[in-house]
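Dear colleague,

Please find below the structure that I am handing over to you, with its sequence. My findings follow directly after it.

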Amino acid sequence: MVMTGAQRVKKHYDANRESTLAKRRDRYHAKKLTKVESKLPNTSELIPLEESELPNTSELIPLKESELPNTSELIPIELIEVEPVEPIEKDLIDPTNVLEIVTKNINSLENQTDGNKKIRISNMKSIINILKPVNYKEFIKALKSRPVDTIKQLNLFQYRPNKNYSQNTLIMLYSAVLFYFDKFNIKVKLNNKRKYEDQIQLSDAISVIELKEKNQTTIPTFDKYLQRVLNEYGIYSREHIIVKMFQQVKCRDDLKLIVANVSSQLDKNINYLVVGEIFRVVLHDYKTIDRYGDVNVELDTELTNLLSHYMENHNIQVGDCLFNSNNISKIISRVNQKLGYVGHGAINLIRKMLATEASELPIKEQLKVANQMCHSLKVTNSNYVVKE
C-alpha cells in the first residue's frame, strides 16, 4: 500500500521523536543561556533568483487535515531554570593573598598598638612561609584541624642550613596562632587548642635548660671585647662603631638607622640617627616599645666624631641607611665568630656582657641598666647575667 505524505511525515516523526525533542531542548537551552541573537544575513550580498529559477508551486500537493500528525502525542518541552553559579572569591583561590588577608585582619583590630600589630603580622608571615598554604581557607584549616602536623613543621623548619628556630621564637609563633584564634573568633576544638598551649610550656621549659647551659660558659668583659674588635677591624670601621653604639644605646637588633637632621620630620615607624652638634639615636620601632616608649639617646662626643668620620668616608647623606644593612645582627655574628665567641648568639652576647657587669652594681643601678635595655630587672638577671 502506498503511504501518503502525511503518513510518511508521521512515521518519520514517531521513529525520531526522542532525538528530535532532544535537539529542540539543546537549541532552546543554548539560546537561553547564551542569549545570543541570531545575526541576519547581509541582504546586499544575496543574488536574486530569476523567475524561471523559482519552484513551481502549482505542482505542490497540499496535505489534508486528516494527514497532519497528531499533535496530542507530542511531549511538551520542560523549561529548565539554570541556577546562578556562586562567584568564587579571589581571596580563596590566590595563595599570594593569604598574607594579605591576615595582615588586613590584624590591622583592623582595635586596642592594639602599631608595634604589637607589626610583631603579630611578622609571626604569622613566618608561619605562612613554612606551611605554604594554597589559600586562606586551607591555612586556617591547617592551624585549627591539624595542630600536630603544624607544630611538627614549625619545630623542624630550618631558616638556614642546620639552624632551627630557637625555643623563644617558637613560643612567639604558637602564641601568634592562639592570638589569631581568639581575636577572630575561630572555632577550634579544645583539644587542638590545648596542643599549642602545651607546646608553649614545653618550649619554655627547654629554653630555661638551654639558657642555664649557655650561661655556664665564660664570656669576656665588655672592655676586653671592644678592644679585640678595635684591634681586628680598626677605629673607623663599621664593626667597631656598631659595638660602641650598643654600649651606649643598649638596644636589641634595632640599629637599622636612617640618617636625619634636627629639622627632619621623623616617621614614627622608623629608627633614626639624628645628626647635629651632638648625634643622637631615636628608636620608634623595637620589641618592647609598648612598655618603654620611644628611646632617645644622646651619644658622647667620641662616638659622635667617629660617626661623623665614618659618614664622610662613605659619603652617607641625610635620608641614607647609616650602615647600609638591614641586618645588624648578622654583622655582629660574623664579628663574634671571627673572635671565637660562639654559643651566646650575636647581639645577645653584647647584652649579656652589659647585664653581667651591671649585676655587680647596687640594685638601683641594675634597674637603671635594665630600663636602658628596655626589659625588666628580673629578665636581665635571669636571662642575660652569666655566672662563672
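**Salt bridges and nonpolar cores**

Glu302 is partly exposed, with a relative accessible area of 47%. Please bear in mind that the model is a predicted one. The partner of Glu302 is Lys244, and the two side chains form a salt bridge with an N to O distance of 3.9 Å. Lys244 belongs to helix α10 and Glu302 to helix α12, so this bridge ties together parts of the chain that are 58 residues apart in sequence. Lys244 has a relative accessibility of 7% and therefore counts as buried, since the limit for that class is under 20%.

The whole structure contains five salt bridges. One of them joins Lys118 to Asp285, with the closest N and O atoms 2.5 Å apart. This pair links distant parts of the chain, 167 residues apart: Lys118 sits in helix α4 (residues 114-131), whereas Asp285 sits in the loop between β5 and α11 (289-292). Both residues are partly exposed, Lys118 with a relative accessible area of 46% and Asp285 with one of 24%.

A further bridge is formed by Lys338 and Glu232, whose closest N and O atoms are 3.3 Å apart. Here helix α13 provides Lys338 and helix α9 provides Glu232, so parts that are 106 residues apart in sequence are tied together. Lys338 counts as exposed, at 52% relative accessibility, while Glu232, at 38%, counts as partly exposed.

I turn now to the interior. In soluble globular proteins, nonpolar side chains tend to be buried together. In this model the largest nonpolar core has 47 residues, and the members that touch the most others are Tyr225, Met245, Leu273, Leu299, Leu307, Leu322 and Ile332. At least two core residues come from each of the helices α9 (222-233), α10 (238-249), α12 (301-313), α13 (328-339) and α14 (347-358), and likewise from each of the strands β4 (272-275), β5 (280-283) and β6 (295-298). Helix α10 supplies the largest share, six residues.

Leaving aside neighbours within four places in sequence, Tyr225 is in contact with Pro220, Val243, Ile332, Val335, Asn336, Leu339, Tyr341, Leu349, Ile350 and Met353. Apart from the core that holds Tyr225, there is another core of 31 residues, including Ile121, Leu170, Phe179 and Tyr196.

With kind regards

Terms used: Residues are numbered from 1 along each chain as its sequence is written. This is a predicted model: local features need pLDDT of at least 70, side-chain atom pairs count only at pLDDT 80 or more; totals for chains, interfaces and linings use all residues. Side-chain values use heavy atoms; hydrogens and water are left out. A nonpolar core is a set of buried Ala, Val, Leu, Ile, Met, Phe, Trp, Tyr and Cys residues joined through side-chain atoms within 4.5 Å. Buried means under 20% relative accessible area, exposed over 50%, partly exposed in between (1.4 Å probe, protein chains only). Helices (H or I, at least four residues) and strands (E, at least two) are DSSP runs, numbered from the N terminus. Contact means heavy atoms within 4.5 Å. A salt bridge is a side-chain nitrogen of Lys or Arg within 4 Å of a carboxyl oxygen of Asp or Glu.
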